[in-house]
Amino acid sequence: MRQLIVVIALSVLLGGSAIQAQTTIEWWQFWTDPSIKPTMSAMVDEFERQNPGIQVNVTDLTWANGHEKIVLAFASGSAPDVVELGSDWIAQLADAGKLYDLTPHADSLRQKYQGWSMATYQDKVWAQPWILGTRVLYFNRDLIRRAGLDSDFIPLSWNELRGAAEKIQALDPDIYGWGSNTAEKHRLYKKFMPFFWSARGRMFSEDGRYCVVSSQQAVKALEYYKHLHDSCGYVANQRGIEDAFLDGKIGFILSGDWLLKRIELEKRSIDFGTSTMPGPGLTFGTGRKVAAGFRSETYPGKSFMGGEYLAISSASEHPDAALKLISFITSDENQIKFCKANRSANPSSRTAQTDEYFQNNPHLRTFVMQLHLSTHPPVDPDWVYMETELEQAVEKVLFENAPPGETLRQLQKTITELRKK
Amino acid sequence: MKSFRTPSLILTSPWSLTFILFWVFPVTYSLYISFTDYRLLTGEYDWIGLANYRELLSDPAFLAALKNTFIFVGGTIPFTTVFALVMALLVNRQFRGRAFFRSAFFLPSITSMVVVALIFTNLYARGGYIATLANLAGVSIPIHGFLYDNTTALYSIMAMDVWMSVGYYMLIFLAGLKAIPDELYEAAEINGASPMKTFWSITLPLLQPVALFVIVINSIKSFQVFVEIFVMTKGKFDTATSVFFIYEEGLTTAFRIGYASAAAYVLFIIIALFSIAQFVLLRKRSAAW
């Protein structure tokens, strides 16, 4: 009898464990830097501890070829359950039917997170915003002082920016006013578009039917950008521009929060400041002090917004477990943990954005403010083609002296043709 | 005979199966999909016949890439071949430190292309070593650096490629020089031939097969130039070449595998025709010698 009880007890135990069999989900992500890796591992461990039936296998991707790997994985039917996506890639994968529809999940979280619009394609949400990103103006205070401007000078308008950059340029043949990106794929347009959007340029008409990229405002923005490039531009790739800025050779550059991290980790002694984008319209005298909370219709200017998103493959066999992981990773607490470890400035969680970590640091505060004044490219599966055409147009103007108006008109024609296909 | 053939097939099967699986199949399959509009993400495709090939012939980006490839091939091969031959002749002579120079000349060709390309990117930059030297010599240089100017970017990469390749081909020429019998030089010396006459009448004709080999493999390699373009300019500033175009179309922005396959086959045909022409021309010339 006793033996029978033991056998039954063992059967129940074994049966129970069989029911609670491990669900393994694959997660592909891009955060491999030693400064963030331990935090990522700790988050995954904590998730597994809280969800004993779920095991997470993490695969690291690199920015050099991560996009290609993701596309090939989806194409070959070997995509992971959860994948980190750049905001530009979501529409392309959603259009091909490769992503799991997250609309029901998103509906209850619309107010809680920023950045849903970049993940929304054909009225459905395909990914959860995680860490967002924008570009702000960095400036070298030392060069500003040497150029004869007030030490607390911040350019509010395009005229002020240009005036200050030209004064800095005149200091020395090896000193430059403005960091101007070379023809660098995926980078150049992100530097031009803040001026384009600040001038109220638009890629498409409000109903989305017509390409209007050659508007008067767009031409004005490109002419201004070309002037900065020609009169005081230090031309290099993004890394080269940041190197020169940190070496004290450039007055103003546009960059992201990774530069703050670099300055901190490399213990750079540069006297720098950050500000939101100057607007196109204001023409205050140079050296004007910025009043706290100053706002106007044309200040600050717009900037570029992108971000990292978490999506689920439509072929995933464990979408519920995958969604649990996404919810855990993007929780307020974990976003703050992540941003602190990675020195990131832009969590997608609005609650996390109000954390004192961001509010007590003037540079991080600038990023949070700019994020709310930023615009993103159209969410369109063909954006990758449009981006290429847009960059080529800007390159022609900057490096081949093509006329901005005519070049943008040609771009408009090309994009219109492309959309017809 | 039969008993011999069966085990040989079995013994060579690891190689032949790998060859069929990873070479014959992809090459044949890519020929097939070059006639389709294969969409990588969905895996869907329709047979479109020669449409990809027709589009290529009117695609300004492809034609520009093809032009750049021909400039690259035509601009590097003569220099690489001549420099390699001259260096082989120099290090073939007896002198102190000969082993050092042989190694030094050969060293760049065994260094990683990515590493070399990154070093040269810095050398070519504004304020870089080459720009500084050019400034000191009073030579005008592109304002933003050699790689950020349409008129100099491709030629700068070509110059680096010549520097990097020349050591390898020098070694091949050196092997060719060693194979020429000493008796021929001794006979020429007895007959009072000048060193120049000896070079034109003995060395060069007998190096013809080696030169043919060097030119053909260098042409094939140069038609496939990719890494240096990818690392140094990402195809910008009028430096995109055919393989870079194939990479861009097939594996980055557009993922148009059918179109990229068609471009790859156009390049394959060009390389094949070029190699055949080189064989025929150089063989005729060799026969004339």
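So, aromatic pairs: over all chains, this structure holds 56 of them. A pair here is two rings of Phe, Tyr or Trp (its six-membered ring) with centres within 6.5 Å; planes under 30 degrees apart are called stacked, over 60 edge-to-face, and the rest tilted.

Quick housekeeping. This is a predicted model, where local features need pLDDT of at least 70 and side-chain atom pairs count only at pLDDT 80 or more, while totals for chains, interfaces and linings use all residues; side-chain values use heavy atoms, with hydrogens and water left out. Residues are numbered from 1 along each chain as its sequence is written, and chains are lettered from A and ligands numbered from 1 in the order in which they are written.

Okay, two pairs in chain B. B:Phe79 and B:Phe83 are tilted, at 6.1 Å centre to centre and 40° between the planes. They sit four residues apart in helix 3 (residues 60–91) of chain B, so about one helical turn separates them. Helices, by the way, are DSSP runs of H or I, at least four residues, numbered from the N terminus. B:Phe79 is partly exposed at 47% relative accessibility, and B:Phe83 is partly exposed too, at 41%. The cut-offs there: buried is under 20% relative accessible area, exposed over 50%, partly exposed in between, with a 1.4 Å probe and protein chains only.

Next, B:Phe120 and B:Tyr124: ring centres 5.7 Å apart, planes at 55°, so again tilted. These two lie in helix 5 (residues 113–124) of chain B, four residues apart, about one turn. Are they buried or exposed? B:Phe120 is buried at 11%, and B:Tyr124 is buried at 6%.

There's also a cluster linked by ring pairs, including B:Tyr29, B:Tyr32, B:Phe35 and B:Trp47.

Now the interface. Contact, meaning heavy atoms within 4.5 Å, takes in 16 residues from chain B and 27 from chain A. The buried area is about 2000 Å², 59% of it from carbon and sulfur atoms; that's accessible area (1.4 Å probe) lost on putting the two parts together, summed over both. B:Leu41, B:Arg126 and B:Lys236 supply 33% of what chain B buries against chain A, more than any other three residues.

B:Glu248 and A:Lys185 make a salt bridge at 3.0 Å, N to O.

Key
A salt bridge is a side-chain nitrogen of Lys or Arg within 4 Å of a carboxyl oxygen of Asp or Glu.
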